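Here are my notes on this model, as numbered points. Please read them with the structure open.

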Amino acid sequence: MGELQYQCMMSLDGFIAGPGGDMSWMADYLGPDPAVDEVMRRTGALLVGRRTFGGDDPHKGTEQEGEPYGGGWDGPQFVLTHSPPDASVPGVTFVGDLESGAAAARAAAGDRDVGVLGAQVAAQCIAAGLLDEVFVSVAPVMLGDGVRLFDDPGGAAVNLERLRVIESPAATHLRFRVVR
């Protein structure tokens, strides 16, 4: 069985989205990248927060708009929500709770990883003891405000073990294991 891995891009000052959930800042840092390609090959399913699923898209206005990872990945998605849409979305299953969503995503991924998308879902996975890894691409930009990588005031410390550091032209990629 693969890992449950939080996958995201972050500004140097710790934001994964700008004010109002703006993701347009990422466009300058997306493109061919062997480290990200490896993560995509290892990912068999996505566990996605509702705000992330329906939120801003760094590929807005391009052919890749609306596609997971701008079309760089294809597979089943499990979206956590208490209010699923009326119409079905191909390749997307809407789930009402974290545990069943994570279990369904793991089953769909088989021996590959489950990519966790969304800061709140990642924080919930940490709190529930479900998250195995964090893969964060640090972009050389400071946004000043927005959605933080993790935002848990009063929360407990989470120990991580560094697995890899990979430099690429557009970002520095960090991969950590959650120490239990």
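1. Leaving aside neighbours within four places in sequence, tyrosine 6 is in contact (heavy atoms within 4.5 Å) with Ile16, Val116, Gly118, Ala119, Ala122, Leu131, Glu133, Val134, Phe135, Leu149 and Phe150.

2. On conventions: this is a predicted model, where local features need pLDDT of at least 70, side-chain atom pairs count only at pLDDT 80 or more, and totals for chains, interfaces and linings use all residues. Residues are numbered from 1 along each chain as its sequence is written, and side-chain values use heavy atoms, with hydrogens and water left out.

3. Tyr6 also matters for the core count. The largest nonpolar core has 27 residues, and Tyr6, Leu47 and Cys125 touch the most other members. Such a core is a set of buried Ala, Val, Leu, Ile, Met, Phe, Trp, Tyr and Cys residues joined through side-chain atoms within 4.5 Å. Buried means under 20% relative accessible area, exposed over 50%, and partly exposed in between, with a 1.4 Å probe and protein chains only.

4. Which elements give two or more residues to this core? They are strands S1 (4-11), S3 (43-49), S4 (77-80), S6 (113-117), S7 (133-139) and S10, with helices H3 (98-109) and H4 (119-127). Helices (H or I, at least four residues) and strands (E, at least two) are DSSP runs numbered from the N terminus. Apart from this core lies another, of nine residues, including Val39, Val48, Trp73 and Val92. In soluble globular proteins, nonpolar side chains tend to be buried together.

5. Histidine 173 sits in strand S10 (residues 172-178). Is His173 buried or exposed? It is buried, because its relative accessible area is 2%. Beyond four places in sequence, His173 touches Asp33, Ala35, Val36, Phe135, Val136, Ser137, Arg164, Val165, Ile166 and Ser168.

6. Serine 168 belongs to the loop between strand S9 (160-167) and S10. At 17% relative accessibility, Ser168 counts as buried. Its side chain makes two polar contacts worth checking: one with the side chain of aspartate 33 at 2.8 Å, and one with that of histidine 173 at 3.2 Å. A polar contact is a pair of N or O atoms within 3.5 Å; within protein, one must be able to donate a hydrogen and the other to accept it, and residues adjacent in sequence count only if both atoms are side-chain atoms.

7. The structure holds one cavity of 30 Å³ or more. The largest cavity has a volume of about 50 Å³. Ala35, Glu38, Val39, Arg42, Phe135, Arg164, Ile166 and Arg175 line it. Helix H1 (34-42) gives the most to this lining, with four residues. By class, the lining has four nonpolar, no polar and four charged residues.

8. The second largest pocket has a volume of about 300 Å³. Of its 16 lining residues, Ile126, Phe150, Ala156, Val158 and Leu160 lie nearest its centre. H4 gives the most to this lining, with three residues. The lining divides into 14 nonpolar, no polar and two charged residues. Ala, Val, Leu, Ile, Met, Phe, Trp, Tyr, Cys and Pro count as nonpolar, Asp, Glu, Lys and Arg as charged, and the others, Gly among them, as polar.

9. Cavity and pocket terms: on a 1 Å grid over the protein atoms alone, a cavity is a set of points where a 1.4 Å probe fits but cannot get out. A pocket is an open set with protein on both sides within 12 Å along at least five of seven lines, and lining residues have an atom within 4 Å of a point. Grid points are joined across faces, edges and corners, and a volume is the space filled by probe spheres set on the points.
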